[in-house]
Amino acid sequence: MNTIVNLSRRTFLATSATAAASLVLGLTVPTPTFAEDEGEPSAINAFVSLSDDGTTTILLNKSEMGQGIFTGIAMLVADELDADWARVRVRSITDPHREDYWTPSYAGVGTGGSRSIRESWMDFRRAGAAARDMLVTAAAQRLEVPKDRLRTENGYVIDEENGIRLDYGELASLAAEQEPPAEPTLKDADRWKLIGHAIEQLDIPLKVNGSAVYGIDVRLSDMLVATAMQSPVPGGTVADVDDARARAMPGVAAIVRDEGFVAVVAETYWQARQGLEALQVTWSAPELVDENTQAMMDRFAAALDGELIAAEGEGDTAAALSSSGRVIEAEYQVPMIAHACMEPLNCTALVEADACTIWGPLQTPGWAQGVGAGVAGVPIENVVVNTTFLGGGFGRKFLVDFVAQAVLIAKAVPGRPVKTVWSREEDFAQGFFRPAALHRIRAGLDNDGALAVWEHRLAQPSILHRWLPEGGAMQTPLERVAAESLPGPMLEARQRSVKEIDPTIPESIASKTYYAIGARSLKLAMPPSSLPVGIWRSVGSSGNAFVFESMVDELAHAAGEDPFRFRRRLLEASPRHLAVLDRAAELAGWEKPAAEGRFRGIALDACFGSIAAHVAEVSVSEEGLPRVHRVTAVLDCGVVVNRRAALAQIEGAVMQGVSAALAEAITLEEGRVVETNFDRYRVLTLAEAPVVEAHLLESGEAPGGVGEPALPPVAPAVCNAIFAATGVRVRSLPISQHDLRRV
Amino acid sequence: MVKFNVNGERYTLDADPDMPLLWALRDLLGLTGTKFGCGIAACGACTVHVDGEPVRSCVMPLAALEGADVVTIEGLSSDSTHAVQAAWIANQVPQCGYCQSGMIMAVAGLLGSNPQPSDADIDAAITNICRCGTHQRIRAAIHDAAAKV
């Protein structure tokens, strides 16, 4: 059976020094196997290691947070390698500073932006193909026959003429000595045995019996557990701490005070938690505080009235507006929302004289490694980073504030590993939320009902400027530590991509050239944010598509046209997008009447290299309570690697999109987050979950993103259906704040 | 001193009687399959069985467990062959998987008292939170497991 190499309990109970050296070991179900039980491994290249027992280990530079990337990468490598899938194991890398593992756009190791497949699928395939070539070369040497007489299949090199089959394991050490081919030959698509099929996830067996190890499950001998608090008004600093009571409490080993947090280190989480609650901490307020959510939105409105940055423009919008037959004006708002990963933030660190070891649920091991080096004051190559399974990521675990905190705490207890675990309340209060945004749009139709002009103004705080060392006064103390510890190449890559404008802000508004729009302009304000903001699944597109596609629906109704057919006209010159829209409408039965009391809405968006269109079917009760019954979701992500994973990602993105649209919002009172646990931050339950009919439209184009692109069209499809049901136009989220009784 | 059984083994714990069962399982017994999600019994990630009933262990103090029989995800079956676990694999339910220990324990508890739950029964009983959006696979897997129990 396949093996996920997982942090094993046996490792945890080893001494810390041993643990640092052996790191990730195997754990299979039902029979655990461990790295030390394997045969002799030979590293063929950065991604492939073969053991003389025939096991193929595929090294992973991407983090598994439920998107199925472990399985996806393994499929890409194993297919080109002609490996025996049943003998494939996977293992996370621990040396992200090694350039072979970098994602080009980050110049480092990180998982985000739905990039893993679309940016690196050829690298994984080449690694497999190169290893295959080296095995064939080795076999040709061993058998003294020309290479072209040999073929490979299912973990064997085969010499048909002489009836000889050599197991890859027998050839492993000889293959490792071969020169890698300059340009390995890749398979044509018609010879793929894994790619494009529906393959079961390698990690699922571990996730039904409690044996999958997440960051929070890390256990090491001699380990302490810490929990911490930052300023309840985010970004504040510690002014004074009275820790007399906490110090006297059972199990408490240390109190750690830093610029932006106080932590209690104890034998168990419960003791640390009790200790933390016994602290009396006084905080200094940060430079910018929004008293409440309205005060924040008022600042955004003032910013929109001020000087704006031109992000995009084509044609003369002023002239087009004045000559337009019908002009619609609308203001839309997007709330802050939380990632609320089911696994609260946590990270384990061990700081020694000249080394640092980190274990955690990390989306950016490359950045975590820089933080380990910067905070512990050791060379980056002396920082070992163990990436565990992530209990949800959604962008929150791309940031490394929690890693910086864990290393700062561990530094205060040198030589002992310390696991820092956040409470759920802290996880919410110190979130890096999807930013709130304020949009003002004026759009005009010409006399034929064509979209003649679109003028868009948008106020939203920058996310990406916060990631730079010069990110400004609004960074929290931990954010500053993290930004200042960015490894050089990652910093340079960020500086290249972030100029005056944070490029995530206009996503799904700018460059929307697939829609036929006469004149267009987009102008931005980037007001500072009083709260930390970050990347939330599908980033700018998650809010922007709600606004854009709701407004398109408004225009369709103003033009007196069916919203599906109105979009069809906008997409006349964009056949690929039109095909996705048409498929969604066809599968949802758009042209047929919906069931009694049910109403439909449609929306389309393109982001992260893919195109998605959804039809939502909604009812609204007489009391004004909405219910999303069904979402028909179509994704064109080009070549599909694992059909099973892609469909699951569509389902998940739609559910998360429905959850966010219906009831999710982070609000402020007295500068503090109001929703600090799941009793106040309402997420979708089974009872509210719609049926998701997920479909892949296989265009055969280059692979696009899968994890994110199915999310943005959800909110507008649902809100457009609500308009169809009630005549109420939802121009701000969440939907739960609106009175939906029929107007 | 609290004496109770976990997955068929007897334990005597000398620990703070206010310590929730969740943290005793995770930090004292090393049974990390039971997850911390919220600490206020709102998400269900920490669900275990106490005397056969599903319970949210993050708010269950050790003091209340004298003599109790506790079953965690690690003890549901020795080889992942419990009908609910099998249905979870067959339906490829988990994504990140973090909530699934609690989901599986909650569902195993439901099927114990109601072997053929309707969709409405499921809606009422399974209020655990999943953030990855595996909801419809969970529902399908519950019906699948119910058919085999």
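Chain A is divided into domain 1 (3-207), domain 2 (215-286 + 345-421) and domain 3 (294-337 + 434-463 + 502-737). The model shown in every view is predicted.

**View 1. Contact between domain 1 and domain 3 of chain A.** Taken over C-alpha atoms, the centres of domain 1 of chain A and domain 3 of chain A are 40 Å apart. Domain 1 of chain A gives 20 residues to the contact, and domain 3 of chain A gives 17 residues. About 1,300 Å² is buried between domain 1 of chain A and domain 3 of chain A, with 60% of that area from carbon and sulfur atoms. On the side of domain 1 of chain A, the residues that lose the most area to domain 3 of chain A are A:Ser114, A:Arg118 and A:Gly196, which together account for 34% of what that side buries.

**View 2. Polar pairs and elements at the interface of domain 1 and domain 3 of chain A.** Eight residue pairs in polar contact are counted between domain 1 of chain A and domain 3 of chain A, both residues being at pLDDT 80 or more. Helix 3 (69-81) and helix 4 of chain A are the elements that give two or more residues to the side of domain 1 of chain A that touches domain 3 of chain A. Helix 3 of chain A supplies the largest share of this side, four residues. By class, the side of domain 1 of chain A that touches domain 3 of chain A consists of nine nonpolar, nine polar and two charged residues.

View 3. A:Asp123 is placed in helix 4 (residues 116-143) of chain A. With a relative accessible area of 33%, A:Asp123 is partly exposed. A:Thr103 is 20 residues from A:Asp123 along the chain, and their C-alpha atoms are separated by 9.9 Å. A:Arg115 and A:Glu119 form a salt bridge through their side chains, at 3.1 Å from N to O. A:Arg115 is partly exposed, at 24% relative accessibility. A:Glu119 is also partly exposed, its relative accessible area being 25%.

**View 4. Salt bridge between A:Asp605 and A:Lys512.** The side chains of A:Asp605 and A:Lys512 meet in a salt bridge with an N to O distance of 3.3 Å. A:Asp605 lies in strand 24 (residues 599-607) of chain A, while A:Lys512 lies in the loop between helix 14 (488-497) and strand 23 (519-525) of chain A, so the pair ties together parts that are 93 residues apart in sequence. A:Asp605 and A:Lys512 are both buried.

View 5. B:Arg137 and A:Glu651 form a salt bridge in which the closest N and O atoms are 2.8 Å apart. B:Arg137 belongs to helix 6 (residues 135-148) of chain B and A:Glu651 to helix 18 (residues 643-663) of chain A, so the pair joins two chains. B:Arg137 counts as buried, at 15% relative accessibility. A:Glu651 also counts as buried, at 8% relative accessibility. A:Glu549, A:Asp553, A:Arg567 and A:Arg729 are joined into one network by salt bridges that share partners. Over all chains, the count comes to 48 salt bridges.

**View 6. Extent of the interface between chain B and chain A.** In this interface, 48 residues of chain B are in contact with 61 residues of chain A. The area buried between chain B and chain A is about 4,500 Å², and carbon and sulfur atoms give 57% of it. B:Gln92, B:Arg131 and B:Gln136 supply 19% of the area that chain B buries against chain A, more than any other three residues.

View 7. Four salt bridges are counted between chain B and chain A. B:Arg131 forms a salt bridge with A:Glu664, with the closest N and O atoms 2.7 Å apart. The interface of chain B and chain A has 25 residue pairs in polar contact, both residues at pLDDT 80 or more. The elements giving two or more residues to the side of chain B that touches chain A are helix 1 (21-28), helix 2 (73-76), helix 3 (83-90), helix 4 (100-113), helix 5 (119-125) and helix 6 of chain B. Helix 6 of chain B gives the largest share of this side, six residues. The side of chain B that touches chain A divides by class into 24 nonpolar, 14 polar and 10 charged residues.

Note on methods: Residues numbered from 1 in each chain as written. Chains lettered and ligands numbered in written order. Predicted model: local features only at pLDDT ≥ 70, side-chain atom pairs only at ≥ 80, totals over all residues. Heavy atoms only, no water. Buried < 20%, exposed > 50% of the residue type's maximum accessible area, 1.4 Å probe, protein only. Domains from an automatic or database assignment. Contact = heavy atoms within 4.5 Å. Buried area = accessible area lost by both parts, 1.4 Å probe. Polar contact = N/O pair within 3.5 Å; in protein donor to acceptor, adjacent residues only side chain to side chain. Nonpolar A, V, L, I, M, F, W, Y, C, P; charged D, E, K, R; others polar.
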